[in-house]
Amino acid sequence: MNGQRTSRHSSGGGWQVERSSIDDGQDFFTYQPEDFDVIVSNPPYTQKDRVIERLYELEKPFAVLLPLNSLQGVGRYRYFKNGIQILTFDKRIGFHNAESMEEYKKGSSFATAYFCRDILPRDLILEELREYRKPLKEA
């Protein structure tokens, strides 16, 4: 998936993280790392149907941030009917953009949620969203 430039490998919290990006020639729809356990991403929303299809094809646990209204859709129903988990929040998520990693837009104009498979302890979790006040920085 597209992502900002960060180190290729990092670790923290007991996890080893490997980042992949279309900017590095790793197209999510064709690229597959040799060894991975879970997928976490904020994919392009215009590609959500293709992303969901690919996630189920890979048969790995995942958590992807999507507009909450992505829950509905005839094509997505085909996958979600077999189980989908939702992590959503008490308010809307703020987003950084490429032009400003120092500031973020507080509360987007649409609701988002993490759509998950085999990650959460329950199918629906609602959490308090706490403001993250640190700026993101380009690597």
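Strand S4 (residues 62–67) pairs with strand S8 (residues 112–117) in the antiparallel sense, over 6 bridges. Strands here are DSSP runs of E with at least two residues, helices are runs of H or I with at least four, and both are numbered from the N terminus; two strands pair if DSSP finds at least two bridges between them. This is a predicted model, in which local features need pLDDT of at least 70, side-chain atom pairs count only at pLDDT 80 or more, and totals for chains, interfaces and linings use all residues. Residues are numbered from 1 along each chain as its sequence is written, and side-chain values use heavy atoms, with hydrogens and water left out.

**Strands**
- Opposite Gln85 stands Cys116 of S8.

**Nonpolar cores**
- A nonpolar core is a set of buried Ala, Val, Leu, Ile, Met, Phe, Trp, Tyr and Cys residues joined through side-chain atoms within 4.5 Å; buried means under 20% relative accessible area, exposed over 50%, and partly exposed in between (1.4 Å probe, protein chains only).
- The largest such core has 17 residues, and Ile39, Leu55, Tyr56, Phe62, Phe80 and Phe115 have the most contacts inside it.
- Two or more residues of this core come from each of helix H1 (48–58), S4, H2 and S8, and H1 gives the largest share, 5 residues.
- Apart from this core lies another, of 8 residues, including Ile93, Cys116, Leu120 and Ile125.
- Beyond its neighbours within four places in sequence, Phe62 is in contact (heavy atoms within 4.5 Å) with residues including Ile39, Leu55, Tyr56 and Phe115.

**Gln85**
- Gln85 belongs to strand S5 and counts as buried because its relative accessible area is 10%.
- The Gln85 side chain makes polar contacts with two backbone nitrogens: that of Asp118 at 3.2 Å and that of Ile119 at 2.9 Å.
- A polar contact is a pair of N or O atoms within 3.5 Å; within protein, one must be able to donate a hydrogen and the other to accept it, and residues adjacent in sequence count only if both atoms are side-chain atoms.

**Arg76**
- Arg76 lies in helix H2 (residues 74–80) and is buried, because its relative accessibility is 11%.
- The side chain of Arg76 reaches the backbone oxygen of Ser70 at 2.7 Å.
- Arg76 and Ile52 are 24 residues apart along the chain, yet their C-alpha atoms are separated by 7.3 Å.
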